[in-house]
Amino acid sequence: MSTEQEPTTPQDELSQALPPEQPEGDDHAAALDELQDRWRRALADLDNLRKRHAKEMNAVRNEERARTAAAWLPVVDNLDLALTHAGADPSAVVEGVKAVRDQAVDVLRRLGHPRYEETGVPFDPAVHEVVGTVDDPDTEPNTVVQVVRPGYGEGSRQLRPAAVMVSKRQE
């Protein structure tokens, strides 16, 4: 004989709660009370689980926001530095702003949203948004010839499509 108990299922518990013979009035009421008690406890457990999940999701969301904000802090610091040198040599300021822009693009890339601004590629409505067409006999129809605004992201993580000019069909 084994001392281990076999795992029980809800059906086993129900069959134990209700004896096989027809319960008398008090037995029936007691069994019903026990089942209602179990049902209420299950609802309370579900409610507690729901609250715990919402609390955990809020904590994860706050951690991710803090991580993202921390990634942008060096960009903000460098913009502040550029503003303090605004009266300096204009070409140096322009070079500094370009470096800060490159730093911001790198932050987006590290967050999973790389920049794309390719020309000469076939138009793809999943990653491009046409803002105009041009008549260019040297390119195939529906080819990106100019990027007006770069796109960021890839696949299902796309922040925005690239705004492009495409070549139209020659007639």
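Reader: Which residues does Ser167 touch, not counting residues up to four places away in sequence?

Author: In this predicted model, Ser167 touches Val134, Asp136, Thr139, Glu140, Pro141, Asn142, Thr143 and Val145. Ser167 belongs to strand S5, residues 162-167.

Reader: Why is Ser167 called buried?

Author: The relative accessible area of Ser167 is 0%. Buried means under 20%, and Ser167 is therefore buried.

Reader: What makes the pairing of the side chains of Ser167 and Thr139 a polar contact?

Author: The distance between the two side chains is 3.4 Å. The limit for a pair of N or O atoms is 3.5 Å, and the side chains of Ser167 and Thr139 make a polar contact at their distance of 3.4 Å.

Reader: Why is S5 described as largely enclosed by the rest of the structure?

Author: Six of the six residues of S5 are buried, so the strand is largely enclosed by the rest of the structure. Ala162, Val164 and Val166 point one way, Ala163, Met165 and Ser167 point the other way, and all are buried.

Reader: Which way do S2 and S5 run, and how many bridges join them?

Author: S2 and S5 run parallel and are joined by six bridges. Two strands pair if there are at least two bridges between them, so S2 and S5, with six, are paired. Within this pairing, Gly132 has Met165 of S5 as its bridge partner.

Reader: In what sense do S3 and S5 pair?

Author: Strand S3, residues 144-149, pairs with S5 in the antiparallel sense over four bridges. Val147 stands opposite Val164 in S5.

Reader: Why does Val134 count as partly exposed?

Author: Val134 is found in strand S2, residues 128-134. Its relative accessibility is 27%.

Reader: What does Val134 touch, not counting residues up to four places away in sequence?

Author: Val134 touches Val145, Met165, Val166, Ser167 and Lys168. Val134 and Val145 are eleven residues apart in sequence, with their C-alpha atoms 8.1 Å apart in space.

Reader: What makes the meeting of Arg67 and Glu64 a salt bridge?

Author: The side chains of Arg67 and Glu64 come to 2.6 Å, N to O. The cut-off is 4 Å between a side-chain nitrogen of Lys or Arg and a carboxyl oxygen of Asp or Glu, and the pair at 2.6 Å is accordingly a salt bridge. Both residues lie in helix H2, three residues apart, about one turn of the helix. Arg67, with a relative accessible area of 46%, is partly exposed, and Glu64, at 37%, is partly exposed.

Reader: Why are Arg109 and Asp106 separated by about one helical turn?

Author: Arg109 and Asp106 are three residues apart in helix H3, residues 90-110, and are therefore separated by about one helical turn. They form a salt bridge, with the closest N and O atoms 2.5 Å apart. Arg109 counts as partly exposed at 45% relative accessibility, and Asp106 is partly exposed at 28%.

Reader: How do you know that Glu117 and Arg115 form a salt bridge?

Author: The closest N and O atoms of Glu117 and Arg115 are 3.1 Å apart. The limit is 4 Å, and the two residues form a salt bridge. Salt bridges that share partners also join Asp106, Arg109 and Arg110 into one network. The structure holds nine salt bridges.

Reader: Which residues make the nonpolar surface patch of about 410 Å²?

Author: Trp39, Leu43, Leu46 and Leu49 make this patch. Leu49 lies in helix H2, residues 25-84, and has a relative accessible area of 43%. A patch residue needs over 30% relative accessible area, and Leu49 is partly exposed at 43%.

Reader: How many helices and strands are there in the protein, and what part of its residues is buried?

Author: There are three helices and five strands, running α-α-α-β-β-β-β-β from the N terminus on. Buried residues make up 16% of the 171 residues. The protein exposes about 13200 Å², and carbon and sulfur atoms supply 54% of that area.

Note on methods: Residues are numbered from 1 along each chain as its sequence is written. This is a predicted model: local features need pLDDT of at least 70, side-chain atom pairs count only at pLDDT 80 or more; totals for chains, interfaces and linings use all residues. Side-chain values use heavy atoms; hydrogens and water are left out. Helices (H or I, at least four residues) and strands (E, at least two) are DSSP runs, numbered from the N terminus. Buried means under 20% relative accessible area, exposed over 50%, partly exposed in between (1.4 Å probe, protein chains only). A polar contact is a pair of N or O atoms within 3.5 Å; within protein, one must be able to donate a hydrogen and the other to accept it, and residues adjacent in sequence count only if both atoms are side-chain atoms. Contact means heavy atoms within 4.5 Å. Patches are made of residues with over 30% relative accessible area and no salt bridge: like charges are joined within 9 Å, nonpolar side chains (Val, Leu, Ile, Met, Phe, Trp, Tyr) within 5 Å. Accessible areas come from the Shrake-Rupley method with a 1.4 Å probe; for residues, only the protein chains shown count as cover.
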